[in-house]
Amino acid sequence: RIVYVNGEYLPEEEAKISIFDRGFLFADGVYEVSTILDGKLVDNAGHLARLQRSLAELDIPAPCSMEEIETIQHTLIERNAIAAGSIYLQVTRGAEDRNFLWSEGLKPSLIMFTQSRGAKMDKVAEKGLDVISQPDIRWQRRDIKTVALLPASLAKRKAIAEGANDAWLVEDGMITEGTSNNAHIITKDGKLVTRALSNKILHGITRKAVLALAKEAGLTVEERSFSPDEVKNAAEAFVTSATMFVTPVVSFDGVKIGDGKPGPHTTRLRDLYVSFAKKSLS
Ligand code: PMP
């Protein structure tokens, strides 16, 4: 695989980052993942807009223009001949001798790599996910897409150890989001309920598109917090993310949701999102 590091396209074994990089020492960096379909990017403008917001919130200067980032993305997709998969990009504040207080004027690092999509993802979407609850022990700025993903990794590992596929995180008795996705339910009276945007969750690019599609399709959307009990009593549940699109959740903490199979609203929203994704390619 050819990867990108600070201006160079290199075989992955040759790519190097300083051990003093603040991304490595302090998780002082942000990232984005865009999905590749037909060799092009899904809803990439949304991801680059969020990248700019994450950088601004942390006072990290952009390493280059967003147009240059797009050029690098397309070059990597082409050089790795990826038709379906994803592209990861990460910007860190840069490298200097370890110090909590950073110096002004550091040169940010930019790295990118592609990943090809396994057939596994489609099978998961057909079957649906088993999800368990886990306490949300993350920091209070989850709206910034930082590389500090250890709490989410630990929750995911716990879910797998318990025979589930993923965890939904709970804070103050309410669901925040999934470990790497936004969480949604469809109530028995047919409303889509999803947590409102705040510092408590990542502002998902897929979430935004799916909510717009749901409204267009005539669904009532309620942006409010919901509890684990509401999930167990829901008609349907699903997650959204750039790599999972709309994926059904069929059980929560061992309790079947609805009849324990992907429901009609979720299936419809997935189809609508797939059509949207194809139209959004750039
Ligand atoms: N929440 C979290 C914590 C995530 O890590 C992700 C995916 N990176 C999402 C939500 C979904 O965001 P998006 O739809 O932009 O991929």
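This is a predicted model: local features need pLDDT of at least 70, side-chain atom pairs count only at pLDDT 80 or more; totals for chains, interfaces and linings use all residues.
**View 1. The whole chain, with its overall dimensions.** Along its principal axes, the C-alpha trace of the chain spans about 55 × 40 × 35 Å. The radius of gyration is 19 Å, which agrees with the value near 19 Å that a compact globule would have with 282 residues. Of the 282 residues in the chain, 38% are buried. Among the contacts with a separation of 6 or more, 70% are made by residues 24 or more positions apart.

View 2. The chain is divided into domain 1, covering 2–117, and domain 2, covering 122–279, and the centres of domain 1 and domain 2, taken over C-alpha atoms, are separated by 26 Å. Domain 1 contributes 20 residues to the contact, whereas domain 2 contributes 13 residues. On the side of domain 1 that touches domain 2, β3 (29–37), α2 (44–58) and β5 (85–92) each supply at least two residues, and the largest share, eight residues, comes from β3. By class, the residues on this side of domain 1 are seven nonpolar, nine polar and four charged.

**View 3. An open sheet of six strands.** The strands of this open sheet follow the order β2-β1-β6-β5-β3-β4, and their pairing is antiparallel. At the edges stand β2 (8–11) and β4 (40–41), each of which has a single partner strand, so one side of each is left without a neighbour in the sheet. Strands of a sheet in general pair through backbone hydrogen bonds, in either a parallel or an antiparallel manner.

**View 4. The pairing of β5 with β6.** Strand β5 and strand β6 (residues 109–116) pair in the antiparallel sense over eight bridges.

**View 5. The shell of residues around the ligand.** The ligand is surrounded by 13 residues, of which the closest are Leu202, Gly204, Ile205, Thr206 and Ala242. Both α6 (205–216) and β13 (236–241) supply at least two residues of this shell, and α6 gives the most, with three residues. Divided by class, the shell around the ligand has four nonpolar residues, seven polar residues and two charged residues.

Note on methods: Residues are numbered from 1 along each chain as its sequence is written. The radius of gyration is taken over C-alpha atoms; the globule rule is 2.2 Å times the number of residues to the power 0.38. A residue is buried if 20 or more other C-beta atoms lie within 10 Å of its own, exposed if 12 or fewer, and partly exposed in between; C-beta atoms are placed from the backbone. Two residues are in contact if their C-beta atoms, placed from the backbone, lie within 7 Å. Domain bounds come from an automatic or database domain assignment. Helices (H or I, at least four residues) and strands (E, at least two) are DSSP runs, numbered from the N terminus. Ala, Val, Leu, Ile, Met, Phe, Trp, Tyr, Cys and Pro count as nonpolar, Asp, Glu, Lys and Arg as charged, and the others, Gly among them, as polar. A residue is near a molecule or strand if its C-beta atom, placed from the backbone, lies within 6 Å of it. Two strands pair if DSSP finds at least two bridges between them.
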